[in-house]
Amino acid sequence: MPEAKMALLQDADIVIVGGGLAGNSLAAALSGLGFRLALVDNKPAVATSGNAVAKGPSKALALSLTTQRFLQTLGLWEGLKNEASPITEVHVSEQGRFGRTLLQASMQGLSALGFVVDSNRLEQHLFNHTQTLPDVKIIQDMTVSDHQLLGNPLIIAADGAHSQ
């Protein structure tokens with residue numbers, strides 16, 4: 001591993017392994033709290049630069065109202081709200097069974113129960129924001145093994161189900 005990347009890891013109070021939705025959201029939430037943060041992403045820098053589309057096919061992603069409020073608290077919702085579709089009603093049933101549940105935002109005094117957004121757009125928006133945070137050092141095109149992180153006080157695995 002290049003010495004520059006290793007130095008960034010060693011200087012961090014918190015290392016977040018994973019540059020996707022969870023890792024970037026966590027980095028944004030922890031930014032400004034006085035920690036030196038390192039976000040390790042195995043994607044090469046060219047894959048996430050500018051407005052490049054995030055990895056994989058685009059998917060519709062349903063965000064709960066709590067997640068929308070979290071993004072709003074971080075100042076990230078403004079850049080997404082015009083592209084988000086509100087969820088105003090949820091119908092829950094099982095075919096061939098008796099009964100159903102209907103959840104309506106209006107019955108709860110809400111304008112929406114949640115929102116549907118494009119997963120790639122959300123990931124790119126989060127990454128672009130994380131790049132602007134002065135206390136977050138992004139280390140791309142790197143995979144991390146256990147021994148490389150032994151000196152760090154806190155390591156957070158946010159790189160998915162197959163995390164090392």
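A word on the model first. It is predicted, so local features need pLDDT of at least 70 and side-chain atom pairs count only at pLDDT 80 or more, while totals for chains, interfaces and linings use all residues. Residues are numbered from 1 along each chain as its sequence is written, and side-chain values use heavy atoms, with hydrogens and water left out.

Overall make-up. The protein chain has 5 helices and 9 strands. Those are DSSP runs numbered from the N terminus: helices are H or I with at least four residues, strands are E with at least two. Along the sequence the pattern reads α-β-α-β-α-β-α-β-β-β-β-α-β-β. Of the 164 residues, 36% count as buried, meaning under 20% relative accessible area; exposed is over 50%, partly exposed lies in between, with a 1.4 Å probe and protein chains only. Now contacts, meaning heavy atoms within 4.5 Å. Take those with a separation of 6 or more: 72% are between residues 24 or more positions apart.

Next, the sheet. It is open, with 4 strands in the order E8-E2-E1-E9, and the pairing is parallel. Pairing here takes at least two DSSP bridges between two strands. Neighbouring strands are turned by 20° against each other on average, direction ignored. Axes are lines fitted to C-alpha atoms, for helices over the stretch in contact, and angles run from 0 to 180 degrees between N-to-C directions.

Look inside the sheet. E1 (residues 14-17) and E2 (residues 37-40) are joined by 4 bridges. Ile16 has Leu39 in E2 as its bridge partner. Helix H2 (residues 21-30) packs on this sheet and touches E1, E2, E8 and E9; its direction makes about 155° with that of E1.

Over to His125. Buried or exposed? His125 is buried, at a relative accessible area of 16%. His125 belongs to helix H5 (residues 119-131). Beyond its neighbours within four places in sequence, His125 contacts Leu76, Gly79 and Leu80.

Last, the lining of the largest pocket. H5 gives the largest share, 3 residues. By class, the lining has 13 nonpolar, 12 polar and 7 charged residues. Nonpolar covers Ala, Val, Leu, Ile, Met, Phe, Trp, Tyr, Cys and Pro; charged covers Asp, Glu, Lys and Arg; the others, Gly among them, are polar.
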